[in-house]
Amino acid sequence: MTLAVPLPPTVPAPAPGPLPAQPGAGRIPGSKAMWVGIFCEITEFALLFAVFFVARAHHPEAFQAGPERLSLLAGTGYTLMLLTSGWCVARALHAMRRGDKRATVRWMLAGFVFGLGYPAIKVFELQRNFALGLDGSAGVFIVSYYYLTFTHLVHVFWGLLGMMWVIVRTGLGAYTPEEHSGLEAFACYWHITDMIWLMIFPLFYLLG
Amino acid sequence: MSPERKIDLAWLMLVLLSVGGAGIARSDANAVLVAVGVSLVMAIKLRLVCNYFLELHEAHPRIRRAVLAFCHGMPILVILTTAFGDTLSSLTGALLG
């Protein structure tokens, strides 16, 4: 014999349609595809950082003396350029959300100009380094420095190309306050690239 | 305070920390202490970018957790590899032959 326990009449039936969003569930900023790319980028740099730490553990003297050989002014300059560029992109996103497309384009152009400061400083730093004999044969610290910073430079170039594309599309009116996932996806990529630089900068220019 | 004002203040903090972090590194303190100071500054800067530029608090929990693990893991690794560089060297030396 089974006992059937009836539900109390106060229990409401589940509502039809999509479930309401759970508090704290969040969303995917930009697009899924961009986040796949971002996690590939993070994985790539995580591996390069692992190589850096192993090389540093095996050659502590070379890495301790390393930062003195690099230009701290150039390293700080890269950091300030990327941070300011990221700030402009964040302001552009907010301008788009409130529907001010002209301000969005202006902030994006400012972000592009500051972003260009990164390769511009790189040219001057490379000239300085080569004049001081800091090329690929200058030891394990300098080799580590070149492979990590050049990989980051490639990502900055991709970001600058993406930024040009987003500026053009914003100017053509492709984004609206309701739908600007392309702009947001680019902003995510640019901020992550910025964050990776914030990790590289102290490793080579401050700690060694 | 408007979101734009918060972004402006975050940027100002980031600039000040970038300049201040260089000062910590050029001090004559013990290597591990310098690594702790520089890592702390790094962690604060990464958190500022996550919160105010990337707006990570609005992101899906998996994205949030993965990015935060990367951001928190890096400063911790800097400290650990500075404090236990010899151990890492002997471990990887044994693995690499």
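Which elements cover the buried residues of H1(A)? In this predicted model, in which local features need pLDDT of at least 70, side-chain atom pairs count only at pLDDT 80 or more, and totals for chains, interfaces and linings use all residues, side-chain values use heavy atoms, with hydrogens and water left out. Residues are numbered from 1 along each chain as its sequence is written, while chains are lettered from A and ligands numbered from 1 in the order in which they are written.

The cover of the buried residues of H1(A) includes helix H2 (60-69), H5 and H6 of chain A, together with H3 and helix H4 (85-96) of chain B. Helices (H or I, at least four residues) and strands (E, at least two) are DSSP runs, numbered from the N terminus. Contact denotes heavy atoms within 4.5 Å. The term buried stands for under 20% relative accessible area, exposed for over 50%, and partly exposed for values in between (1.4 Å probe, protein chains only). The buried residues of H1(A) are Trp35(A), Ile38(A), Glu41(A), Ile42(A), Phe45(A), Leu48(A), Phe49(A), Phe52(A), Phe53(A), Ala55(A), Arg56(A) and Ala57(A). From first to last C-alpha, this helix of 27 residues reaches 39 Å, close to the 39 Å expected at 1.5 Å a residue; the expected span is 1.5 Å times one less than the number of residues.

Chain A holds six helices and zero strands, in the order α-α-α-α-α-α from the N terminus on. Of its 208 residues, 50% are buried. Among the contacts in chain A with a separation of 6 or more, 83% join residues 24 or more positions apart. The accessible surface of the chain is about 10,100 Å², and carbon and sulfur atoms hold 71% of this area. Accessible areas come from the Shrake-Rupley method with a 1.4 Å probe; for residues, only the protein chains shown count as cover.

The largest nonpolar core has 87 residues. Such a core is a set of buried Ala, Val, Leu, Ile, Met, Phe, Trp, Tyr and Cys residues joined through side-chain atoms within 4.5 Å. The members that touch the most others are Phe49(A), Met108(A), Met163(A), Met195(A), Phe204(A), Tyr205(A) and Val67(B). Two or more residues each are given to this core by helices H1 (32-58), H3 (72-97), H4 (101-131), H5 (140-171) and H6 (181-207) of chain A, and by H1 (3-25), H2 (31-53) and H3 (61-83) of chain B. H6(A) supplies the largest share, 19 residues. Apart from neighbours within four places in sequence, Tyr205(A) is in contact with Pro67(A), Leu70(A), Ser71(A), Leu72(A), Gly75(A), Tyr78(A), Glu125(A), Tyr145(A), Trp197(A) and Arg26(B).

The contact between the chains takes 43 residues from chain A and 43 residues from chain B. About 4,000 Å² is buried between the two chains, 74% of it on carbon and sulfur atoms; buried area is the accessible area (1.4 Å probe) that two parts lose on being put together, summed over both. Within chain B, Ser39(B) is found in helix H2 and counts as buried because its relative accessibility is 1%. Leaving aside neighbours within four places in sequence, Ser39(B) is in contact with Pro75(B), Val78(B) and Ile79(B).

Over all chains, eight salt bridges are found, and the interface of chain B and chain A has four. A salt bridge is a side-chain nitrogen of Lys or Arg within 4 Å of a carboxyl oxygen of Asp or Glu. In the pair of Arg27(A) and Glu58(B), the closest N and O atoms are 3.5 Å apart. Arg27(A) is partly exposed at 33% relative accessibility, and Glu58(B) is partly exposed at 34%.

Glu184(A) and Arg97(A) form a salt bridge with an N to O distance of 3.2 Å. Because Glu184(A) lies in helix H6 and Arg97(A) in helix H3 of chain A, the pair ties together parts that are 87 residues apart in sequence. Glu184(A) is buried at 8% relative accessibility, whereas Arg97(A) is partly exposed at 28%.

Arg98(A) is partly exposed at 48%, and Glu4(B) is buried at 16% relative accessibility. Through shared partners, salt bridges join Arg27(A), Arg97(A), Glu184(A), Glu55(B) and Glu58(B) into one network.
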